[in-house]
Amino acid sequence: KATVSVLNCFFPRGTILRFAPRVGLLRSAAPRRHSTHTMSDFHAVIGAMETVAPIALADTTWDNVGIMVEAPKQRGGKVVMLTIDYTEAVLKECEALGVGTLIAYHPPIFRAMKSLKLKDHKASLLLHAIANGMSIYSPHSALDSTKGGINDWLAAGLAPSAVAPIQPNEDDAAVGVGRVAAVELTIAQMVEKVKAALQQQHVRLALAPNHTLETAVRSVAICAGSGSSVVTKAKKADVYYTGEMSHHEVLAANAAGVTCVLLEHTLTERGYLAAQLKPRLAELLGSDYTIHVSKTDDNPIKTV
């Protein structure tokens with residue numbers, strides 16, 4: 001049995017975190033049981049997020065979702081910030097706006113953390129969130145899989161005639177992992193639709209040897225972020241559309257006669273926050289809540 005060292009020096013009493021003794025892993029608490037102390041605003045946001053993206057849709061075999069940090073002294077829970085990544089720039093933005101609830105798509109607690117020290121970048125962000133009274137929630141793969149989620153949003157940009165999950169959920173075939181979109185486009189037309197939908201001037205295109213820009217596309221396998229492990233499970237696709245794939249994954253796809261349309265990882269995710277998530281939360285939470293989309297959260301890789 002692992003011995004839990006003194007964490008009170010980092011966490012005020014009441015902070016909810018989970019420690020997995022077999023691996024020494026600090027992970028988020030699931031949003032099923034909540035304390036009742038001055039946390040109603042944060043819990044209202046969690047309830048709205050559960051409506052948008054039920055946490056049960058997340059793939060917890062690899063993902064970490066739900067409450068990342070539950071600050072015991074909540075500050076401004078009705079002021080909500082949406083971001084893809086929780087960075088130092090986002091922290092400063094939250095401090096300036098008095099944010100009490102941060103919805104971070106990518107979980108800031110993902111891999112093992114055996115201690116929380118200010119000299120560690122990720123731990124420092126968590127400690128500052130707690131000190132500032134800011135709670136953090138991450139939907140990640142639940143928001144990918146849900147109906148009207150990120151993958152459906154990507155598919156909608158192609159004006160498809162039909163959309164279905166690559167791996168349907170056992171309880172609801174309308175939701176699940178990835179998407180396959182039925183379209184009637186050329187590769188060139190698809191590229192222009194992707195650029196228009198994501199408001200980008202460039203994409204990365206890897207044409208299969210048997211394809212040209214005028215090749216007809218009838219089926220597109222889609223997955224936000226780093227989606228190679230998902231799109232390659234599609235039974236038949238003319239194009240893989242995702243954020244990023246490795247060099248060798250692209251070569252393998254091309255060899256199989258599949259063209260790859262790629263952007264940077266978060267460019268397939270970030271636009272969803274303002275286009276879909278913010279208005280949906282505003283509808284569910286009402287005018288008492290102020291919802292911001294981070295202006296400092298950005299793709300770290302630039303084309304120059």
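**Figure 1. Salt bridge between Asp297 and Arg270.** In this predicted model, the side chains of Asp297 and Arg270 come together as a salt bridge, with an N to O distance of 2.9 Å. Arg270 belongs to helix H9 (residues 270-285), whereas Asp297 lies in the segment after strand S15 (290-293), so the pair ties together parts that are 27 residues apart in sequence. Both partners, Asp297 and Arg270, are buried.

**Figure 2. Overview of the protein as the setting for the close-up views.** The protein has 304 residues, of which 51% count as buried. Its secondary structure consists of nine helices and 15 strands. Where contacts link residues at least 6 apart in sequence, 66% of them join residues at least 24 apart. The accessible surface amounts to about 14900 Å², and carbon and sulfur atoms account for 53% of that surface. Seven salt bridges are present in the structure.

**Figure 3. Salt bridge between Asp152 and Arg179.** The side chains of these two residues, Asp152 and Arg179, form a salt bridge at 2.7 Å, N to O. Asp152 is part of helix H5 (residues 150-156) and Arg179 is part of strand S10 (residues 179-186); the pair therefore ties together parts that are 27 residues apart in sequence. Asp152 is buried, its relative accessible area being 19%. Arg179 also counts as buried, at 1% relative accessibility.

Figure 4. Asp144 is located in helix H4 (residues 141-145). The side chain of Asp144 does make a polar contact, at 2.5 Å, with the side chain of Tyr105. When residues up to four places away in sequence are not counted, Asp144 touches Tyr105, Ile150, Asn151, Gly176, Arg179 and Ala224.

**Figure 5. Salt bridge between Arg280 and Glu283 within helix H9.** The closest N and O atoms of Arg280 and Glu283 are 3.3 Å apart in this salt bridge. Both residues lie in helix H9 and are three residues apart, which is about one turn of the helix. An α-helix has 3.6 residues a turn, so residues three or four places apart point the same way. How accessible is each partner? Arg280 is partly exposed, with a relative accessible area of 32%, whereas Glu283 counts as exposed at 59% relative accessibility.

**Figure 6. Gln276 of helix H9 and Gly148.** Gln276 has its place in helix H9 and counts as partly exposed, at 36% relative accessibility. In sequence, Gln276 and Gly148 are 128 residues apart; in space, their C-alpha atoms are 8.3 Å apart.

**Figure 7. Helix H1 and the packing of its buried residues.** Helix H1 (residues 40-52) comprises 13 residues. From its first C-alpha to its last, H1 reaches 18 Å, close to the 18 Å expected at 1.5 Å a residue. Which residues of H1 are buried? They are Phe42, His43, Val45, Ile46, Ala48, Met49 and Val52.

**Figure 8. Ala159, a residue with a positive phi.** Most residues other than glycine have a negative phi. Ala159 is not a glycine, yet its phi is positive, at about 50°. The residue Ala159 is found in the loop between H5 and strand S7 (162-164). Ala159 is exposed, with a relative accessible area of 53%.

**Figure 9. Gln199, a residue with a positive phi.** Gln199 has a positive phi of about 55°, although it is not a glycine. Where does Gln199 lie? Its place is in the loop between helix H6 (187-198) and strand S11 (204-206). Gln199 is exposed, and its relative accessible area is 70%.

Definitions and conventions: Residues are numbered from 1 along each chain as its sequence is written. This is a predicted model: local features need pLDDT of at least 70, side-chain atom pairs count only at pLDDT 80 or more; totals for chains, interfaces and linings use all residues. Side-chain values use heavy atoms; hydrogens and water are left out. Helices (H or I, at least four residues) and strands (E, at least two) are DSSP runs, numbered from the N terminus. Buried means under 20% relative accessible area, exposed over 50%, partly exposed in between (1.4 Å probe, protein chains only). Contact means heavy atoms within 4.5 Å. Accessible areas come from the Shrake-Rupley method with a 1.4 Å probe; for residues, only the protein chains shown count as cover. A salt bridge is a side-chain nitrogen of Lys or Arg within 4 Å of a carboxyl oxygen of Asp or Glu. A polar contact is a pair of N or O atoms within 3.5 Å; within protein, one must be able to donate a hydrogen and the other to accept it, and residues adjacent in sequence count only if both atoms are side-chain atoms. The expected span of a helix is 1.5 Å times one less than its number of residues.
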